[in-house]
Amino acid sequence: GSNNAALTDDNIAIGNDALLGASLSSTNALKGNIAIGSQALDATLSNAHTGTIAIGHEALTACTTGLKNTAIGYQSGQALTDDTGNTLTGYQSGQALTDSYNTAMGSEVLYTASGAGNNTAMGYQAMYYLTTGDYNVSYGSNTLLFNQTGANNTCLGYAAGFGASNNSHSNNTLIGHEAGKVITTGGNNTIIGSNAADALTSGAS
């Protein structure tokens, strides 16, 4: 890239345009960053970055001023610009994400999330269709898959809180294999057990 060597320390950049950057001022520097993969972390321009990690083709490719982000995987965190404190691991994890303090682990986790913040998701396509919901926790493949704008849910187990297309639900605790799987708009429920409440769609307990 075009960065002044005097303002860059302990960085690793491997790949076409990785950590491309631009001219740096005396108060802005690149320190301790890792960018591996074509166009990984290539939009920092003249902004300071310390400890940002982008590994994978187009990982954090749009990141300008966002700090304390880690993205590992093909196109992970691809849309992040000025957002902070995200940890994204997996193929296209958090690809559309434009908010802060999310943790995503797994392929296509938080895939369509845009204005969603403070979410934790682990498992293949967990919270796949989430857009703006906050403070959700899901562990397991396909957990909270269709929930779009719901908040404050905790789901544990394969397809727990799976939901239905174009629906959202909030304030639910769903624990167990396919617990509350068909829930659509129901809220304030606590459901524990394999296939528990397998017919519940709306309403509260």
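**Reading a predicted sheet structure**

Reply: Start with the surface. Met 105, Met 122, Tyr 139, Leu 156, Ile 175 and Ile 192 make a nonpolar surface patch of about 520 Å². This is a predicted model, where local features need pLDDT of at least 70, side-chain atom pairs count only at pLDDT 80 or more, and totals for chains, interfaces and linings use all residues. Residues are numbered from 1 along each chain as its sequence is written, and side-chain values use heavy atoms, with hydrogens and water left out.

Me: How is a patch defined?

Reply: Its residues have over 30% relative accessible area and no salt bridge; nonpolar side chains (Val, Leu, Ile, Met, Phe, Trp, Tyr) are joined within 5 Å, like charges within 9 Å. Areas come from the Shrake-Rupley method with a 1.4 Å probe, and for residues only the protein chains shown count as cover.

Me: Why does Ile 175 count as partly exposed?

Reply: Buried means under 20% relative accessible area, exposed over 50%, partly exposed in between (1.4 Å probe, protein chains only). Ile 175 counts as partly exposed because its relative accessibility is 30%. Ile 175 is found in strand β13 (residues 173-175). Strands (E, at least two residues) are DSSP runs, numbered from the N terminus.

Me: How do I read the sheet order?

Reply: Strands of a sheet pair through backbone hydrogen bonds, either parallel or antiparallel. Two strands pair if DSSP finds at least two bridges between them. Here an open sheet of 11 strands runs β2-β4-β6-β7-β8-β9-β10-β11-β12-β13-β14, with parallel pairing. β2 (12-14) and β14 (190-192) stand at the edges; each has a single partner strand, so one side of each lacks a neighbour in the sheet. From one strand to the next, the twist averages 5 degrees. Axes for such angles are lines fitted to C-alpha atoms, and angles run from 0 to 180 degrees between N-to-C directions.

Me: Which strand does β9 pair with, and over how many bridges?

Reply: β9 (residues 103-105) pairs with β10 (residues 120-122) in the parallel sense over 3 bridges. Ala 104 stands opposite Ala 121 in β10.

Me: How many salt bridges does a search of the whole structure find?

Reply: The rule is a side-chain nitrogen of Lys or Arg within 4 Å of a carboxyl oxygen of Asp or Glu. The search finds 1. Lys 181 forms a salt bridge with Glu 178, with the closest N and O atoms 3.4 Å apart. Lys 181 counts as partly exposed at 29% relative accessibility, whereas Glu 178, at 17%, counts as buried.

Definitions and conventions: Helix = DSSP H or I, 4+ residues; strand = E, 2+ residues; numbered from the N terminus.
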